[in-house]
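Here is a short report on a model with its sequence. It covers the interface, the helix packing and the backbone.

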Protein chains: 2
Amino acid sequence: MEDIEYILLKYAKIIDHYILERLTGTPEELYNAALHLIRAGGKRLRPTLTLLVARLLGGVEAESRATPLAAAVEISHNFTLIHDDIMDRDDYRRGVPTVHRLWGESWAILAGDLLHAYAYKFVVNSVEYGLGKSESHEAMKILTTAGIKVSRGQAYDLLFEKKWDIRVIDYLDMVHHKTGAMLEASAKLGAVAARASSDIVELMGQYGGLLGVAFQIRDDYLGVFGDPGKTGKPIYSDLRRGKKTLLVLYTLSKASQEDREFIIKTLSPDTAKSEEDIARIAQLIKEYKADIEAMNLARVYVERAKEIVSELRGVVDENSRNILLRLADYVVSREK
Amino acid sequence: MEDIEYILLKYAKIIDHYILERLTGTPEELYNAALHLIRAGGKRLRPTLTLLVARLLGGVEAESRATPLAAAVEISHNFTLIHDDIMDRDDYRRGVPTVHRLWGESWAILAGDLLHAYAYKFVVNSVEYGLGKSESHEAMKILTTAGIKVSRGQAYDLLFEKKWDIRVIDYLDMVHHKTGAMLEASAKLGAVAARASSDIVELMGQYGGLLGVAFQIRDDYLGVFGDPGKTGKPIYSDLRRGKKTLLVLYTLSKASQEDREFIIKTLSPDTAKSEEDIARIAQLIKEYKADIEAMNLARVYVERAKEIVSELRGVVDENSRNILLRLADYVVSREK
């Protein structure tokens with residue numbers, strides 16, 4: 001049985017080849033900035049999802065047709081990473097300095113905009129890979145809808161930094177937009193490339209969306225308890241930004257009055273954050289078992305996602321079903 | 001004969017109605033930031049071009065079909081304005097403070113990204129206005145191609161701020177990308193909505209592209225010699241940023257050694273720019289008649305654009321031809 005990380009690497013090669021062959025132009029500085037994070041690596045989870053779903057429902061031919069759509073979701077994702085890193089003042093990602101750290105903010109804004117436009121261009125290109133104009137139109141509808149949701153999710157994330165009346169349900173809604181929407185789109189696009197019925201497209205979208213929420217919860221977890229050598233990101237940066245992650249929300253809901261006040265004071269935008277105080281919050285998350293509770297919720301999402309794939313009819317490639325089930329487990333067990 | 005500014009106002013109403021009805025959502029802060037410049041006004045030159053070309057080639061029905069495409073070019077343009085204002089550190093536009101001045105940089109980046117995604121969504125919507133999937137696909141191809149060119153043009157503009165070996169031909173190439181590409185796309189989209197042949201689509205694209213270069217030269221001129229009360233933008237901001245406008249390039253090519261050295265020193269990125277020195281450069285532009293020479297070149301572009309429209313066959317609405325000819329003259333005579 002192939003290891004999931006090996007499978008991701010295999011798909012990464014297909015995607016990277018497609019992207020690097022087409023994302024060329026002048027000025028060189030702009031294209032280098034735009035390709036920086038892509039060249040730095042990354043899991044390629046989103047495009048892999050597109051290709052796997054296409055194969056699941058339509059075999060190797062559908063997988064091949066899905067290639068431009070898979071490339072589109074990957075570069076759309078990279079565009080949001082570049083812009084989010086500016087907003088969140090993050091210095092490292094995928095083990096390398098972020099785009100705005102290396103090229104400055106103006107170039108990072110532009111590099112993101114360039115990738116954003118190329119994402120849609122790749123969808124246009126999909127007709128050269130055998131998609132009909134009608135399928136390409138459907139793909140465009142899916143990607144624009146996701147793009148709008150991702151912007152809205154990031155806006156909520158920014159708003160939440162300054163608010164304290166955030167409930168778990170608000171967090172989940174924010175995460176469904178910020179991260180779930182693009183994974184939902186990734187899965188849907190694979191189904192469109194396989195010429196699946198609209199019911200199946202919707203079902204696969206649900207699978208992707210559930211995976212996305214679980215993925216983000218794991219991301220929050222790794223941001224506090226992960227190994228920066230593996231994640232490629234500095235530790236505690238969410239806490240330093242006062243992000244209302246699920247870990248923080250669960251801790252607040254269970255903490256003593258004293259601990260609660262300490263957390264609120266420390267995470268407030270105006271408070272200078274000492275490394276000691278931030279580490280103390282990480283400790284409180286553990287003490288109140290918020291880490292366990294958060295990962296439990298993530299697993300609930302994963303189980304729901306797996307049910308969808310398990311019960312799916314019209315599957316033409318059983319091996320892909322198997323991989324998609326294991327991919328769901330990987331999302332919440334990954335260390336990077 | 002209707003006044004061009006009156007015609008622009010008439011079209012602005014159609015476009016604004018379409019945009020304001022659809023650009024709604026949460027969080028409110030995000031949508032307010034995204035709509036800020038649209039609400040502040042603007043000439044709506046690009047969408048007007050789309051609607052006029054559609055009418056020229058296909059009558060009122062084509063004009064109606066072109067509405068979502070016209071809205072798409074307008075909000076795509078607004079997205080680039082919001083992001084460019086961050087990069088250029090501009091504080092005012094259309095007579096109001098810029099988005100990043102009012103909401104901060106993070107929100108300005110996000111508001112631009114939201115508009116960018118909506119621009120493509122509006123193209124997707126065009127099938128609800130009677131466009132075929134194939135025409136919608138063609139429209140998407142045109143808009144993505146323009147989007148990529150605009151990013152590249154802005155990148156060249158940033159690069160030129162630090163370089164001195166810029167030739168007039170480099171400036172024209174930069175401007176063709178930065179401004180020409182979106183006007184080219186605006187005209188092409190109108191032709192696509194009118195179901196024109198690909199030859200005619202290309203011809204209309206040339207008309208729009210030529211107009212775009214002329215428009216930018218006039219913009220550079222108004223940035224130095226315009227009335228901020230009319231343009232809505234502060235005076236001399238290009239000079240303060242060390243932009244290599246056509247005015248500066250022509251002045252440098254004709255200036256004495258002494259004046260040349262003064263201009264280069266003053267406009268260099270590292271030099272603190274006094275209001276006196278900047279005003280002196282404006283004076284030198286006049287003294288060396290670079291303003292006249294620049295507007296003469298703009299008029300050459302306008303004349304070429306008018307020739308295309310004059311000689312065009314297959315026109316179904318002669319009144320629109322007349323307006324497009326006068327619109328070309330307006331581009332280089334406008335005061336705002």
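Predicted model: local features only at pLDDT ≥ 70, side-chain atom pairs only at ≥ 80, totals over all residues.

Residues are numbered from 1 along each chain as its sequence is written, while chains are lettered from A and ligands numbered from 1 in the order in which they are written.

**Interface and symmetry**

In the interface, 36 residues of chain B are in contact with 36 residues of chain A. Contact means that the C-beta atoms of two residues, placed from the backbone, lie within 7 Å. On the chain B side, the elements that give two or more residues are helix H2 (28-39), helix H4 (67-87), helix H6 (105-125) and helix H7 (133-160). Helices (H or I, at least four residues) are DSSP runs, numbered from the N terminus. H7(B) gives the most, with 16 residues. By class, this side of chain B has 18 nonpolar, 12 polar and 6 charged residues. Here Ala, Val, Leu, Ile, Met, Phe, Trp, Tyr, Cys and Pro count as nonpolar, Asp, Glu, Lys and Arg as charged, and the others, Gly among them, as polar.

Chain B superposes on chain A by a rotation of 180° with 0.0 Å of shift along its axis (RMSD 0.0 Å). In chain B, the C-alpha of Lys133(B) is nearest the axis, 3.0 Å from it. The same surface serves both copies, as 100% of the contact residues of chain B recur in chain A.

**Helix packing**

In chain B, the axes of helix H9 (residues 198-225) and helix H16 (residues 318-333) come within 8 Å and cross at roughly 25°. Axes are lines fitted to C-alpha atoms, for helices over the stretch in contact, and angles run from 0 to 180 degrees between N-to-C directions. H9(B) and H16(B) are therefore roughly parallel (an angle under 35 degrees). H9(B) contributes Leu211(B), Ala214(B), Phe215(B) and Arg218(B), and H16(B) contributes Ala328(B), Val331(B) and Val332(B). Ala214(B) touches Ala298(B), Tyr301(B), Val302(B), Val331(B) and Val332(B), not counting residues up to four places away in sequence.

In chain A, helix H1 (residues 4-22) and helix H3 (residues 45-65) pack at about 90°, with axes 9 Å apart. That makes H1(A) roughly perpendicular to H3(A) (65 to 115 degrees). Leu8(A), Tyr11(A) and Ile15(A) of H1(A) meet Leu45(A), Pro47(A), Thr48(A) and Leu51(A) of H3(A).

**Backbone**

Most residues other than glycine have a negative phi, and most peptide bonds are trans. The table lists some exceptions.

| Site | Value |
|---|---|
| Thr26(A) to Pro27(A), cis | omega about -5° |
| Thr26(B) to Pro27(B), cis | omega near -10° |
| Lys289(A), positive phi | phi about 55° |
| Arg195(B), positive phi | phi near 55° |

Pro27(A) sits in the loop between H1 and helix H2 (28-39) of chain A. Lys289(A) lies in the loop between helix H14 (275-287) and helix H15 (290-311) of chain A. Lys289(A) is partly exposed, with 13 other C-beta atoms within 10 Å. Partly exposed lies between buried (20 or more other C-beta atoms within 10 Å) and exposed (12 or fewer). Arg195(B) is in the loop between helix H8 (168-193) and H9 of chain B.

Key:
Least-squares fit on C-alpha atoms with pLDDT ≥ 70 in both. Parallel < 35°, antiparallel > 145°, perpendicular 65-115°, else oblique.
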